[in-house]
Amino acid sequence: LPTLKAADTPVGAWLRGLLARAHLNTAVVALAAKMARTVWALLRHGDTYKAAALAA
């Protein structure tokens, strides 16, 4: 969690925003749920994960 929230990625930004308004334990569960939904969608559609390109 510390490494992810420090990362300059869309998920890192989402996590920092969530931590600013919610308890740490709530953020951990929300992150786990977000990751589970992502994995489920990838498995369901038979796709591979493609990280979004960051605008420079």
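## Salt bridge

In this predicted model, Lys50 and Asp47 form a salt bridge, and their closest N and O atoms are 3.0 Å apart. A search of the whole structure finds 1 salt bridge. Side chains of opposite charge can pair when their charged atoms come close.

The two partners can also be described by their accessibility. Lys50 counts as exposed because its relative accessibility is 57%, above the 50% cut-off. Asp47, with a relative accessible area of 42%, is partly exposed.

## Helix α3 and the residue after it

Helix α3 covers residues 24-45. Gly46 follows α3 and has a positive phi, near 65°.

## Nonpolar surface patch

A nonpolar patch on the surface is formed by Leu1, Leu24 and Val28, which together have about 230 Å² of accessible area. Leu24 belongs to helix α3. This residue is partly exposed, at a relative accessible area of 44%, and therefore passes the requirement of over 30% for patch membership. In an α-helix there are 3.6 residues a turn, so residues three or four places apart point the same way.

## Aromatic rings

Lys34 lies over the face of Trp14, at 4.6 Å from the ring centre.

Note on methods: Residues numbered from 1 in each chain as written. Predicted model: local features only at pLDDT ≥ 70, side-chain atom pairs only at ≥ 80, totals over all residues. Heavy atoms only, no water. Lys NZ or Arg CZ within 6 Å of the ring centre and 35° of its normal. Patch = residues over 30% accessible without salt bridge, like charges linked within 9 Å, V, L, I, M, F, W, Y side chains within 5 Å. Areas by Shrake-Rupley, 256 points an atom, 1.4 Å probe, with all protein chains shown as cover. Salt bridge = Lys/Arg side-chain N within 4 Å of Asp/Glu carboxyl O. Helix = DSSP H or I, 4+ residues; strand = E, 2+ residues; numbered from the N terminus. Buried < 20%, exposed > 50% of the residue type's maximum accessible area, 1.4 Å probe, protein only.
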